[in-house]
Amino acid sequence: MIEKTAIIENSLDSIPNLTRCEQVSKDEMQGLAADLTHAVYSHDELYENFCPVHSYINCPPEKVFEYMSNPHCLAEWTYSMRELKPVDDNGLYVGREMLEEGTDIYFKVISNKEAGIVDYHCAWDQGEELWMVYLNRIVDAQLVFNKPGSVLFWQNCRHPYYDKNPHKDLAPKDRAWVGDFWDLFYAGHSIELQNLKNILEHRHANNLPIGPLTNL
């Protein structure tokens with residue numbers, strides 16, 4: 001075991017800029033942490049390349065997964081995805097993006113029940129390259145808050161296409177691009193997450209089918 005540990009330590013010596021207790025004292029570590037902690041953060045510092053939102057939902061994780069993994073639920077809790085319909089037998093759907101006139105949004109739901117993962121792979125205008133990826137992880141709240149319910153972590157990453165539309169030829173003339181709204185993603189996703197929370201908590205509390213119950 002000692003030899004194995006020594007090998008691991010030696011393998012780390014050649015990697016620069018590691019902060020580990022073997023090289024940095026506790027006091028130095030506290031100083032570094034203080035330097036990295038600010039009273040105020042700019043929007044770019046928080047959300048330049050990532051857009052995370054999260055929430056506690058008073059609904060069992062099994063029901064949250066059942067709901068979120070159904071493609072048609074997106075027509076209920078999102079602000080602007082409507083008229084969803086399948087495109088093929090491979091799970092590809094298309095809907096209307098009501099945020100911008102004349103815009104189609106293509107998407108697939110990629111899920112794993114055991115891991116509590118429900119990801120939405122989307123793109124405006126075309127379904128060949130689903131580059132807008134909405135990553136969702138559902139966690140049993142009993143594990144992290146010691147109470148019934150679920151915790152949902154939702155993450156987006158700033159794909160380069162947000163800054164430059166690679167398929168301009170498919171876009172309606174003079175239409176805004178989805179990347180133009182990146183600075184508003186945190187606010188928009190927070191509002192949509194509140195929709196999701198409200199729907200799931202209402203149906204669970206009233207013993208209703210978890211849905212989706214509407215056909216929008």
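Select Cys 73. At 0% relative accessibility, Cys 73 is buried (under 20% relative accessible area; exposed is over 50%, partly exposed in between, with a 1.4 Å probe and protein chains only). The model is predicted: local features need pLDDT of at least 70, side-chain atom pairs count only at pLDDT 80 or more, and totals for chains, interfaces and linings use all residues. Residues are numbered from 1 along each chain as its sequence is written, and side-chain values use heavy atoms, with hydrogens and water left out.

**Stop 1: the cysteines**

A disulfide is a pair of cysteine sulfur atoms within 2.5 Å. How many disulfides does the structure hold? It holds zero. Now jump to Cys 21. Is Cys 21 buried or exposed? Cys 21 counts as exposed, at 66% relative accessibility.

**Stop 2: around Asn 17**

Move to Asn 17. This residue sits in the loop between helix H1 (2-13) and helix H2 (26-35). Helices (H or I, at least four residues) and strands (E, at least two) are DSSP runs, numbered from the N terminus. Asn 17 has a relative accessible area of 78%, so it is exposed. Check its backbone angles too. Phi is positive, about 65 degrees, although Asn 17 is not a glycine.

Now select Arg 20 and Glu 22. Their side chains form a salt bridge, with the closest N and O atoms 3.3 Å apart. The term means a side-chain nitrogen of Lys or Arg within 4 Å of a carboxyl oxygen of Asp or Glu. Arg 20 is partly exposed, with a relative accessible area of 26%. Glu 22 is partly exposed as well, at 45%. A search of the whole structure finds six salt bridges. Two others come up later on this tour.

**Stop 3**

Select Asp 119. You are now in strand E5 (residues 117-124). Which side chain of opposite charge is nearest to Asp 119? It is Arg 137, and it lies 9.2 Å away. Here Lys and Arg count as positive, Asp and Glu as negative, and His and the chain ends are not counted. Asp 119 is buried yet has no salt bridge. The side chain of Asp 119 reaches the backbone nitrogen of Asn 136 at 3.0 Å. That is a polar contact: a pair of N or O atoms within 3.5 Å; within protein, one must be able to donate a hydrogen and the other to accept it, and residues adjacent in sequence count only if both atoms are side-chain atoms.

**Stop 4**

Select Asp 125. It is in the loop between E5 and E6. At 13% relative accessibility, Asp 125 counts as buried. Its phi is positive, about 75 degrees, although it is not a glycine.

Leu 170 lies in the loop between E7 and H7. It counts as partly exposed, at 42% relative accessibility.

**Stop 5: helix H7 and beyond**

Select Lys 197 and Glu 201. They form a salt bridge, with the closest N and O atoms 2.8 Å apart. What separates the two in helix H7? They are four residues apart, so about one helical turn lies between them. Lys 197 counts as buried, at 16% relative accessibility.

Go on to Arg 203, also found in helix H7. It is buried at 10% relative accessibility. Then display Ile 210. Its backbone oxygen lies 3.2 Å from a polar atom of the side chain of Arg 203.

Finish at Pro 212, in the segment after H7. Select Gly 211 with it. A cis peptide bond joins the two, with omega about 10 degrees.
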